[in-house]
Amino acid sequence: AARAIAYDMPGVTIDGNDPIEVSLVVREAVERARAGEGPTLIEAMTYRWGQHSMRVNIRDPRPKEEYDEWIARDPIKRLETTLIEGKVLPKKRIKEIGQTIKDELDSAVKFGQAGPEPTARTLEGAVYAPHHDWTEPGEPVDGRELSFVEALNEALHQEMAKDSDVFVMGEDVGLTGGIFQVTKGLAEEFGLERVRDTPISEATFVGCGVGAAIAGMRPVVEIQIFDFIALTMDMLVNQAAKFRFMLGGKPTVPLVVRGPQGGGIRLAAQHSQSLEAWFTHVPGLVVVAPSSPYDAKGLLVAAIRDDNPVIFLETKLLYLGQPGPVPEEHYAIPLGKAVVKRAGTDVTVVATAAMVPRALSAAAQLEREGISIEVVDPRTLKPLDEDTILDSVRKTNRLVIVHEAWMRGGFGAEVAAIVVDKAFDHLDAPIKRVGAPDTPMPYNDELERATIPSQDRIVEAIREVLA
């Protein structure tokens with residue numbers, strides 16, 4: 001309770017096993033809040049009678065004297081005694097109330113026991129809310145171009161204007177506009193209630209985002225540097241991803257967690273990682289990785305409108321990339337739909353995020369030698385459009401997979417496994433993966449460039465599967 005002083009609010013410690021004291025103090029706090037005088041921090045001291053786990057037959061580590069003392073302060077018995085001694089209720093009425101509660105509990109248990117066992121179909125259908133089937137617009141014909149950052153910013157502006165439930169929060173997202181300027185101008189247009197700067201506490205504000213999404217809002221939470229998503233894993237993996245499933249497939253968690261990952265601007269080992277494989281492994285999460293300004297805008301709009309928790313990966317190399325055509329219209333790109341960025345017949349290259357432009361450059365280079373490369377961009381890593389990848393491999397009979405992340409245990413390994421499982425007979429050469437070596441990102445600029453897959457390395461891998 002002493003911590004309340006740091007927030008300029010009253011704090012009080014009370015006996016949480018005394019129902020009368022709890023009632024009076026909480027009533028006073030409620031009256032204070034309703035009068036516009038702000039919150040109160042109430043620390044109610046109580047005790048857990050059972051152990052941490054009820055499924056393990058282990059010794060209770062707590063001292064018996066302490067345990068017995070708290071058992072003697074049973075709040076229900078204390079309340080009953082107060083009601084009887086104060087002649088508020090007779091013993092008979094208290095007994096009737098207790099029996100009513102017992103009957104309700106017994107009825108609930110019987111109802112649960114009598115219900116049918118869930119089927120496997122129920123299990124699978126409880127993980128994800130249905131995705132919208134958006135109609136993707138064509139490429140703009142008026143020559144309008146935006147940078148990757150500008151496209152993201154336009155998506156946020158348009159969605160916040162369309163839906164008042166959409167709000168943004170994160171470190172420096174307000175008047176600063178984010179350190180990469182993705183949220184530039186949002187605070188001025190929509191106010192600081194909807195564009196909220198947060199403390200440097202990723203677990204805290206991602207947890208707030210999960211709660212807001214469950215409550216019906218559509219939060220967009222920025223992780224300033226995506227490496228620090230590690231601090232939020234409980235909120236994302238144990239809470240957001242499983243909330244719908246644990247409640248029978250009924251609630252929705254329309255949360256977007258977005259931010260820059262990957263290397264390319266010399267931020268070294270703790271600020272340059274590509275961590276998408278962590279999240280593609282988790283049922284309940286959607287993982288999106290756009291590779292162009294056009295895709296960035298349309299996929300972010302779709303992510304905000306989706307009723308599932310979405311990990312939206314933005315790559316620093318793309319922040320620095322060339323502008324591209326982006327329609328001014330408000331559009332969404334369907335989640336779970338890959339796109340063939342370049343048609344070809346000799347080799348399929350499946351590339352993600354910042355590796356897509358490099359794969360396209362490699363394809364253009366090899367075209368001058370008469371080699372035809374098909375470049376497939378999954379766009380959404382989970383759910384993954386397997387059909388587009390498999391159709392391409394069945395046509396070209398060769399596959400190279402390129403991503404910025406480490407190869408071992410990476411997203412490319414999953415794609416390779418899918419192709420071997422479902423299209424092995426169509427392969428005329430072993431699958432090649434191109435990714436980062438098994439080392440943290442170095443600070444040295446030359447070593448960083450050597451670590452991130454280059455156009456030359458992609459060309460080399462293509463030549464190897466054609467050999």
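Two strands are said to pair if DSSP finds at least two bridges between them. Helices (H or I, at least four residues) and strands (E, at least two) are themselves DSSP runs, numbered from the N terminus. In this structure, strand 12 (residues 347-351) and strand 13 run parallel and are joined by four bridges.

The structure is a predicted model, in which local features need pLDDT of at least 70 and side-chain atom pairs count only at pLDDT 80 or more, while totals for chains, interfaces and linings use all residues. Residues are numbered from 1 along each chain as its sequence is written, and side-chain values use heavy atoms, with hydrogens and water left out.

**The chain as a whole**

The protein chain contains 17 helices and 16 strands. Its C-alpha trace spans about 95 × 50 × 45 Å along the principal axes. Of its 467 residues, 44% count as buried, a term that means under 20% relative accessible area, with exposed over 50% and partly exposed in between (1.4 Å probe, protein chains only). The accessible surface of the protein chain comes to about 24500 Å², and 55% of this belongs to carbon and sulfur atoms; such areas come from the Shrake-Rupley method with a 1.4 Å probe.

Contact means heavy atoms within 4.5 Å. Among the contacts in the protein chain with a separation of 6 or more, 80% are between residues 24 or more positions apart. The protein chain carries 51 positive and 70 negative side chains, and the centres of the two sets lie 6 Å apart. Here Lys and Arg count as positive and Asp and Glu as negative, whereas His and the chain ends are not counted; each charge is placed at NZ of Lys, CZ of Arg, CG of Asp or CD of Glu.

**Strand 13 and its partners**

Strand 13 (residues 373-377) is mostly covered, as five of its five residues are buried. Ile 373, Val 375 and Asp 377 point one way from the strand, and Glu 374 and Val 376 point the other way. Besides its parallel pairing with strand 12, strand 13 pairs with strand 11 (residues 339-342) in the antiparallel sense over three bridges. Val 375 takes part in both pairings: Arg 342 stands opposite this residue, and Val 349 has Val 375 as its bridge partner.

**Gln 158 in helix 6**

Gln 158 belongs to helix 6 (residues 148-162). Gln 158 counts as buried because its relative accessibility is 17%. Leaving aside neighbours within four places in sequence, Gln 158 is in contact with Lys 297, Glu 328, Glu 329 and His 330. A polar atom of the Gln 158 side chain lies 3.1 Å from the backbone oxygen of Glu 328.

**Backbone exceptions**

Most residues other than glycine have a negative phi, and most peptide bonds are trans.

A cis peptide bond joins Lys 382 and Pro 383, with omega at about 0 degrees. Pro 383 is placed in the loop between strand 14 (380-382) and helix 14 (386-396).

Key. Polar contact = N/O pair within 3.5 Å; in protein donor to acceptor, adjacent residues only side chain to side chain.
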